[in-house]
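Could you walk me through this one in the viewer? I'd like to know what to select at each stop and what I'll find there.

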Amino acid sequence: MPFLTLPTHRLHYRIDGAEGDKPWLTFCNSLGTDLQMWDAQIADLSQEFRVLRYDRRGHSGSGTPPPPYSLSDLGSDVVALWDALSIERSHFCGLSIGGLTGQWLGIHAPSRLDRLILCATAARIGTVESWTTRRTEVEAQGLQPLVPATAERWFTPTFRQTHPEAVDAILKAFVTTSVEGYAGCCAALAGADLRPSLSRISAPVLAISGDDDPVCPPADLEAIAKGVQNGRHVSLPGRHIVNLEAAPQFNATLSKFLIQG
Ligand SMILES: O=C(O)CC1=CCC(=O)O1
């Protein structure tokens, strides 16, 4: 398991796929998941790309610096990883808080970005109050009590019934997330409002929604596509973890955007 050791924490990462001159594609997970949330993308996309995945600080194999975190902390972790791995430029695909991280990179590190895929995210997710409440609850009771409602927000009833093992694997990662790490990311979400800065994003953007996502509904992704300089929006069947629920369509949409433009 490779790690990058930073002054306050280490980042666990993984590289799959094509070697040589193939372009880099970086995946960035959502709150309470780990890099395995992208497993359904690897076989298809690692043919054409060098695929980099990592666990966000406070999640799974990465270290947990003391909370709170800011979106700038999360974006700077990606730049540190790219610097350490001598990755000058990469495509970037992030989901939810991973999509906010992608927007931050589009604004603050445009020279490092090729194309940007923003999934099940928004320029502002939730409210200061909702994230403060979530953080307080988690710090008091841990993550286990959140599991039923989380499963409902993340997957349709049909997917939960037909793919119980895939859902269990994601929820297992969720409950093992460190409370401090989760709380730190709640603080980053409370403080992140990129609506005034979206128009600074010049990288080509593909915004992907889950058409039944109660967290970031299609209108949020449409607003991103309209707000950036060069954006388009596609909606796929599923809820929040749309890359898993609609994996074949997701992979085909991503490949088309990255390869054909
Ligand atoms: O917690 C959720 O259900 C959804 C979510 C918000 C930000 C994120 O990354 O996931």
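This is a predicted model: local features need pLDDT of at least 70, side-chain atom pairs count only at pLDDT 80 or more; totals for chains, interfaces and linings use all residues.

**Stop 1: the ligand and its shell**

Select the ligand and show the residues around it: Ser 30, Leu 31, Ser 96, Ile 97, Trp 131, Arg 134, Arg 153, Trp 154, Leu 189, Val 215 and His 240. Colour that shell by class and you'll get six nonpolar residues, three polar and two charged.

Now look at the ligand's oxygen atoms. Pick Arg 153 to begin with: a polar atom of its side chain is 2.7 Å from a ligand oxygen. Next, click on Trp 154, where an N or O atom in the side chain lies 2.8 Å from an oxygen atom of the ligand.

How much of the ligand does the protein cover? On its own the ligand has 290 Å² of accessible area, and the protein covers 99% of that.

Switch to cartoon to see where the shell comes from. Two elements give two or more residues to it: α4 (128-141) and α5 (147-154).

**Stop 2: the cavity**

What does the ligand sit in? It's the largest cavity, and the count of cavities of 30 Å³ or more comes to one. The space inside is about 140 Å³.

To find the middle, select Leu 31, Ser 96, Trp 131, Trp 154 and His 240, which are the closest to the centre among the 15 lining residues. By class, that lining splits into nine nonpolar, four polar and two charged residues.

Then bring the helices back. At least two lining residues each come from α4, α5 and α8 (179-191). Which helix gives the largest share? That's α5, with three residues.

**Stop 3: the largest pocket**

Highlight α1 (39-45) and α7 (164-176) next, as each supplies at least two residues of the pocket lining. The largest share belongs to α7, with six residues. Colour by class again and the pocket lining shows seven nonpolar, five polar and three charged residues.

**Stop 4: two backbone spots**

For one, zoom in on Pro 67 and Pro 68: the peptide bond joining them is cis, with omega at about 5°. You'll find Pro 68 in the loop that runs between β4 (50-54) and α2 (71-84).

For the other, go to the loop between α2 and β5 (90-95) and pick Ser 86. Check its phi: the angle is positive, about 55°, although Ser 86 is not a glycine.

How values were computed:
Residues are numbered from 1 along each chain as its sequence is written. Side-chain values use heavy atoms; hydrogens and water are left out. A residue is near a molecule or strand if one of its heavy atoms lies within 4 Å of it. A polar contact is a pair of N or O atoms within 3.5 Å; within protein, one must be able to donate a hydrogen and the other to accept it, and residues adjacent in sequence count only if both atoms are side-chain atoms. Accessible areas come from the Shrake-Rupley method with a 1.4 Å probe; for residues, only the protein chains shown count as cover. On a 1 Å grid over the protein atoms alone, a cavity is a set of points where a 1.4 Å probe fits but cannot get out, and a pocket is an open set with protein on both sides within 12 Å along at least five of seven lines; lining residues have an atom within 4 Å of a point. A molecule sits in a cavity or pocket if more than half of its atoms lie within 2 Å of its grid points. Helices (H or I, at least four residues) and strands (E, at least two) are DSSP runs, numbered from the N terminus. Ala, Val, Leu, Ile, Met, Phe, Trp, Tyr, Cys and Pro count as nonpolar, Asp, Glu, Lys and Arg as charged, and the others, Gly among them, as polar. Grid points are joined across faces, edges and corners, and a volume is the space filled by probe spheres set on the points.
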